[in-house]
Amino acid sequence: MHARRKVYISRNYKKLDCGGSIARTDIETVMDRLGYQNIGLPRTVRHNGIYHGVRNLFTHLKALCSIRRGDIVVLQYPMKIMFRAICRRARRVGARTVCLIHDLSAFREKTLTPEQEIALLNGCDVLLTHNHRMRSWLTENGCTTRMIDYEIMDYIHGESAPPVADPGPSVWSLFYVGDLSPATYGYIYELARIMPHRDIYLYGGRADASLLAQLPNLHYEGFAKDTGLMRHHKGDFGLSWYGTSLDSGVGKIGEYMQYNNPHKVSLYMRCNAPVVVWSEAGRADFVRRNGIGICVSSLRDLDKELDAVTPERYAAMLANVAEVNAGLRQGDYLRRALDEAVDYLEAES
């Protein structure tokens, strides 16, 4: 009789410096530390697209043949190939599956209908969901699988500089990390227009040079790796906002933010920076509960909210951020969610 194993399937990556690959490889590293075994091929980084696709196919075929009775198999979703086959194989041989959700395709890419996505996810035994809003949406749309919230995505690599509590600048500043295209995230430039006295530091690509020239309070700092930002960044609050509008609920991306926890919030925590988020976003409850930032219904209200932040309140936020940062660095949030999932499956069996 085989002993119970806790296993996962690693994958081949095209690069490791983008948000999606960072999140997935950090999860694999945390599972390695917790004693989970990789039943796919060893993780590699290859820039060749054909090699990338073929190797991922073979790693999933190897995993499919390696699942045995009693295993607890952790999958990261979306999984572009063999997701349904692996879930079915696990049930057929008496193994159980835990699915950690990164994104829902019915929202993000619209490649699946809600009904198609729910049918896939109902093939798992436990889902690790972002927050209670995502859990509620899945339930309302017919998901019957046991769900556990992991609240925030761990971010284990890199070293943070010690937090420094500013005695109180005359005006709190912001920083933003990500895509700076006006077509996709045009709110950044509009925000600078309505808060001309407040500095906003930008890290990322596709900034509009002509708009930057018109807005002297926008400071383009170029592209910076996450590890560099953790050691040093300019700005007092990290801005996590999505879409073209100052009102984040607008459009497809805004709608999805009601359910999703962006990995960017974890990066800001690792930068020892409080965050600004939409009050209706899925991550807003976590921000409020932990006292790690400001929640606003519209960025039109942000200037007033920032003016109300005293040096003492900011110092308290920094202390709370440091506590969350320590948990993210150790992989505590994933560990807790996986422990709860394993306890549930063992009790059920």
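## Contacts around Asp-179

Two residues are in contact when heavy atoms of one lie within 4.5 Å of heavy atoms of the other. By this rule, and with neighbours within four places in sequence set aside, Asp-179 is in contact with Thr-184, Tyr-185, Ile-188, Gly-205 and Arg-206. The structure discussed here is a predicted model.

Asp-179 sits in the loop that runs between strand S7 (174-177) and helix H7 (182-185). Its relative accessible area is 23%. Partly exposed residues are those between the buried limit, under 20%, and the exposed limit, over 50%, so Asp-179 counts as partly exposed. The C-alpha atoms of Asp-179 and Phe-223 are 10.0 Å apart in space, while the two residues are 44 residues apart in sequence.

## Overall form

The protein contains 16 helices and 12 strands. Its C-alpha trace spans about 70 × 40 × 40 Å along the principal axes. For 349 residues, a compact globule would have a radius of gyration near 20 Å; the value for this protein is 21 Å, and therefore the two agree.

Among contacts between residues at least 6 apart in sequence, 69% join residues at least 24 apart.

## Surface and charge

Of the 349 residues, 53% count as buried. The accessible surface comes to about 15,200 Å², and carbon and sulfur atoms account for 51% of that area.

There are 44 positive and 39 negative side chains in the protein. The centres of these two sets lie 9 Å apart.

## Nonpolar cores

The largest nonpolar core has 94 residues, and within this core Leu-138, Phe-237 and Leu-299 touch the most other members. Helix H15 (residues 311-330) gives the most to this core, with 6 residues. A second core of 22 residues is separate and includes Ile-72, Val-74, Val-126 and Leu-334.

Leu-138 can be looked at in more detail. With residues up to four places away in sequence not counted, Leu-138 touches Ile-101, Leu-104, Ile-118, Leu-121, Leu-127, Thr-129, Cys-143 and Met-147.

## A buried loop residue: Thr-145

Thr-145 is in the loop between helix H6 (132-140) and strand S6. Its relative accessibility is 7%, and because the limit for buried is under 20%, Thr-145 counts as buried.

Beyond its neighbours within four places in sequence, Thr-145 is in contact with Leu-121, Asn-122, Cys-124, Asp-125, Val-126 and Leu-127.

Gln-258 lies in the loop between helix H11 (251-256) and helix H12 (263-270). With a relative accessible area of 25%, Gln-258 is partly exposed. Its contacts, leaving aside neighbours within four places in sequence, are with Arg-133, Trp-278, Glu-280, Ala-281 and Gly-282. Gln-258 and Met-79 are 179 residues apart along the chain, and 22 Å separates their C-alpha atoms.

His-232 occupies the loop between helix H10 (226-231) and strand S10 (237-239). Its relative accessible area is 57%, and because the limit for exposed is over 50%, His-232 counts as exposed. His-232 and Pro-162 are 70 residues apart in sequence, with their C-alpha atoms 9.9 Å apart in space.

## Backbone details

The loop between strand S3 (72-77) and helix H3 (83-93) holds Pro-78. The peptide bond from Tyr-77 to Pro-78 is cis, with omega near 5°. Met-82 lies in the loop between S3 and H3. Although Met-82 is not a glycine, its phi is positive, at about 65°.

Glu-151 also has a backbone angle to note: its phi is near 70°, a positive value in a residue other than glycine. Glu-151 is found in the loop between strand S6 (146-149) and S7. With a relative accessible area of 31%, Glu-151 is partly exposed.

Conventions
Residues numbered from 1 in each chain as written. Predicted model: local features only at pLDDT ≥ 70, side-chain atom pairs only at ≥ 80, totals over all residues. Heavy atoms only, no water. Helix = DSSP H or I, 4+ residues; strand = E, 2+ residues; numbered from the N terminus. Rg over C-alpha atoms; globule rule 2.2 N^0.38 Å. Buried < 20%, exposed > 50% of the residue type's maximum accessible area, 1.4 Å probe, protein only. Areas by Shrake-Rupley, 256 points an atom, 1.4 Å probe, with all protein chains shown as cover. Lys, Arg positive; Asp, Glu negative; His and termini not counted. Charge placed at Lys NZ, Arg CZ, Asp CG, Glu CD. Core = buried A, V, L, I, M, F, W, Y, C linked by side-chain atoms within 4.5 Å.
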